[in-house]
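Subject: Structure handover

Hello,

Here is the structure for you to take over. My notes on it follow below.

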Amino acid sequence: QQWCRSHHSWAPLTLAVLLTVGLQLSGHLLFARNAILYVLHDESREAFLNRNVPGYPLVAWINTNLSPSDKVFTLNRNLIYLFEVPVYYGHVVNDARVDIMIGTRNPSRYLAQLRSVGVTHILIDGDGDSGADDGVSQWRSLVALGCVDQVKTFSIATFGSRTLPDLNQGQDSYALYRINPDACRPPSAAG
């Protein structure tokens with residue numbers, strides 16, 4: 001500002017402000033592109049969510065095929081807002097009612113805890129082929145004991161950015177299991 005006064009020219013300061021504001025608006029428009037397209041075009045909510053939320057197709061399937069009397073256990077917080085059926089959000093650290101902390105391995109208690117909160121289905125996201133059966137992977141023990149039946153598997157397209165989805169694309173797998181406690185074998189029969 002002092003330089004502008006001494007040289008009787010506000011042009012450099014004005015140019016700097018305009019360039020800064022222009023750059024900020026350009027960045028904002030780039031990141032708002034998806035929402036702008038949704039508002040300006042005749043795109044359905046379903047199409048918008050399919051395009052912008054990895055995992056939405058499985059939520060749509062669950063909303064269509066499960067009933068309000070069902071309850072889905074999931075670890076995916078970003079999806080729970082889209083379910084129309086009841087959901088139980090499990091969290092490794094903050095959940096005291098269903099113990100899924102790393103190292104926890106007690107399938108009987110895990111099943112009892114799921115049932116005590118009304119869970120009828122478990123939604124599993126692809127956690128690799130580690131074969132672990134502790135913590136969040138205790139569902140594997142329930143499969144081995146016959147306590148759950150696989151309802152459906154999903155292959156989901158993933159992306160690292162909604163703004164630039166072509167930069168980091170991939171696939172993830174999910175599975176939906178129905179709890180069937182009457183079919184459980186005692187833990188000693190699983191080995």
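At what angle do the axes of helix 3 and helix 4 cross? They cross at roughly 135° and come within 8 Å. Axes here are lines fitted to C-alpha atoms, for helices over the stretch in contact, and angles run from 0 to 180 degrees between N-to-C directions. Helix 3 is therefore oblique to helix 4. The classes are roughly parallel (under 35 degrees), roughly antiparallel (over 145), roughly perpendicular (65 to 115) and oblique for the rest.

Some ground rules. This is a predicted model, in which local features need pLDDT of at least 70, side-chain atom pairs count only at pLDDT 80 or more, and totals for chains, interfaces and linings use all residues. Residues are numbered from 1 along each chain as its sequence is written, and side-chain values use heavy atoms, with hydrogens and water left out.

Helix 3 and helix 4
Helix 3 covers residues 45-52 and helix 4 covers residues 56-65. From helix 3, Arg45, Glu46, Leu49 and Asn50 meet Tyr56, Pro57 and Ala60 of helix 4. Contact means heavy atoms within 4.5 Å. By class, this contact has 4 nonpolar, 1 polar and 2 charged residues. Ala, Val, Leu, Ile, Met, Phe, Trp, Tyr, Cys and Pro count as nonpolar, Asp, Glu, Lys and Arg as charged, and the others, Gly among them, as polar.

Overall
The protein has 8 helices and 5 strands. Both are DSSP runs numbered from the N terminus: helices are H or I with at least four residues, strands are E with at least two. Along the sequence the pattern reads α-α-α-α-β-α-β-α-β-α-β-β-α. Of the 191 residues, 32% count as buried. Buried means under 20% relative accessible area, exposed over 50%, and partly exposed in between (1.4 Å probe, protein chains only).

Helix 2
Look at the kink. It is about 60° and is centred on Arg33. The bend at a residue is the angle between axes fitted to the seven residues ending there and the seven starting there. Helix 2 has 30 residues, yet its end C-alpha atoms are only 37 Å apart, short of the 44 Å that a straight helix would reach at 1.5 Å a residue. Asn34 also sits in helix 2 (residues 11-40). Asn34 counts as buried because its relative accessibility is 10%.

Two loop residues
Asn76 lies between strand 1 (72-74) and helix 5 (77-80). Beyond its neighbours within four places in sequence, Asn76 contacts Tyr89, Asp125 and Tyr174. Tyr81 is in the loop between helix 5 and strand 2 (87-89). Tyr81 is exposed, at 59% relative accessible area.

Best wishes

Note on methods: The expected span of a helix is 1.5 Å times one less than its number of residues.
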